[in-house]
Amino acid sequence: MRAILLLLLLPVLLPALLACGRDRDPRPQVVAPAPEVGARGNPAKDIDGLRRHVPITSEITPLPMATAENFDIRRGRAYPMQPPTIPHSIDGYQVDLNSNRCMLCHARSTAAQFQAPEVSVTHYMDRNDQFLAEISPRRYFCVQCHVVQTNAQPLVANGFRDIDSLLRSERELQ
Ligand code: HEC
Ligand code: HEC
């Protein structure tokens, strides 16, 4: 029975088998290795900060996880419309459809009771600058803009200078 089946399939299988043989290249193609990623030694082209200059081909030892600062010490803002960083831990503070833990302390009605700064008026404005009674849906998910302060060190250098220090150095030049 099996032999008959094989015989019947032969016209189909034979050309396929032959085609396989023809495709096989006798000499394998040798491709030159790609250049190393990350232009080390050239700070202008250095895109490798996040990998801390470890070549892409070797395993990186992860940095220890940063710990959240929970000292209630506020950091300055680098520019007027910067969302302030959060000076306390937010572990377990749930923000979902039914409740917003942050607003327990930061709502206008309860802020004094918790000695917390209340969210500014911008958090009650809709996109047409109308003031709403409740927190605006645009500002509902707080950690979209506000981040917890941690002891993490910057991975890439940052030369940002705020307008005050720019104006000051300009005045000193005159
Ligand atoms: C149990 C009350 C409480 C809860 C809940 C709470 N906070 Fe706070 N928050 C405070 C207090 C108190 C301060 C002021 C810290 C200080 O004493 O300097 C503060 C400060 C802040 C600040 C700094 C404001 C500034 O002007 O520097 C931000 C931002 C902030 N909280 C965001 C949040 C976010 C986001 C959540 C939710 C994930 C949250 N908070 C939940 C009590 C709370
Ligand atoms: C879309 C970004 C965004 C979201 C979402 C957002 N904030 Fe803010 N927040 C800001 C910015 C920007 C500022 C600083 C300028 C201002 O007051 O509008 C600020 C300021 C604050 C301040 C300081 C207010 C003051 O007068 O110094 C607190 C406290 C605060 N936010 C808490 C919250 C809480 C709690 C939530 C969630 C319910 C939240 N924010 C959601 C952008 C955001």
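## Reading a predicted chain and its two ligands

Me: How much of the protein chain is buried?

Reply: Burial is a share of residues. Here buried residues make up 2% of the 174 residues in the protein chain. Bear in mind that this is a predicted model.

Me: Then how do I read the confidence? What is the average pLDDT of the protein chain?

Reply: pLDDT is the predictor's confidence in each residue, from 0 to 100. The protein chain averages 81, and 75% of the residues score at least 70.

Me: What share of the contacts join residues at least 24 apart?

Reply: Start from contacts between residues at least 6 apart in sequence. Of these, 40% join residues at least 24 apart in the protein chain.

Me: Now the ligands. Which residues are closest to ligand 1?

Reply: List the shell, then its closest members. Ligand 1 is surrounded by 20 residues, and the closest are P84, C102, C105, A116 and C142. The shell holds 13 nonpolar, four polar and three charged residues. Helix α2 gives the most to this shell, with five residues.

Me: And which are closest to ligand 2?

Reply: Read it the same way. The shell of ligand 2 also has 20 residues, and P83, S120, T122, C142 and C145 are the closest. By class, 12 are nonpolar, seven are polar and one is charged.

Me: Take C102. Why does it count as buried?

Reply: Burial comes from a neighbour count, and the cut-off is 20 or more other C-beta atoms within 10 Å. C102 has 21 such atoms, so C102 is buried. C102 is in helix α2.

Me: Which residues does C102 touch?

Reply: Leave out residues up to four places away in sequence. C102 then touches Y93, V95 and C142. There is also a spacing to note with I90. C102 and I90 are 12 residues apart in sequence, and their C-alpha atoms are 8.7 Å apart.

Me: How far apart are P154 and L50?

Reply: Compare sequence with space. P154 and L50 are 104 residues apart in sequence. In space they are 9.6 Å apart, C-alpha to C-alpha.

Me: What is the phi of D72?

Reply: D72 has a positive phi of about 60°, although D72 is not a glycine. D72 sits in the loop between α1 and α2. D72 counts as exposed because it has 8 C-beta neighbours inside 10 Å.

Me: And what is the phi of D129?

Reply: The phi of D129 is near 65°, a positive value in a residue other than glycine. D129 is in the loop between α3 and α4. With 7 C-beta neighbours inside 10 Å, D129 counts as exposed.

Me: Last one. Is F71 buried or exposed?

Reply: F71 is exposed, with 9 other C-beta atoms within 10 Å. F71 is in the loop between α1 and α2. F71 and S89 are 18 residues apart in sequence and 8.8 Å apart in space, C-alpha to C-alpha.

Methods. Residues are numbered from 1 along each chain as its sequence is written. Chains are lettered from A and ligands numbered from 1 in the order in which they are written. This is a predicted model: local features need pLDDT of at least 70, side-chain atom pairs count only at pLDDT 80 or more; totals for chains, interfaces and linings use all residues. A residue is near a molecule or strand if its C-beta atom, placed from the backbone, lies within 6 Å of it. Helices (H or I, at least four residues) and strands (E, at least two) are DSSP runs, numbered from the N terminus. Ala, Val, Leu, Ile, Met, Phe, Trp, Tyr, Cys and Pro count as nonpolar, Asp, Glu, Lys and Arg as charged, and the others, Gly among them, as polar. A residue is buried if 20 or more other C-beta atoms lie within 10 Å of its own, exposed if 12 or fewer, and partly exposed in between; C-beta atoms are placed from the backbone. Two residues are in contact if their C-beta atoms, placed from the backbone, lie within 7 Å.
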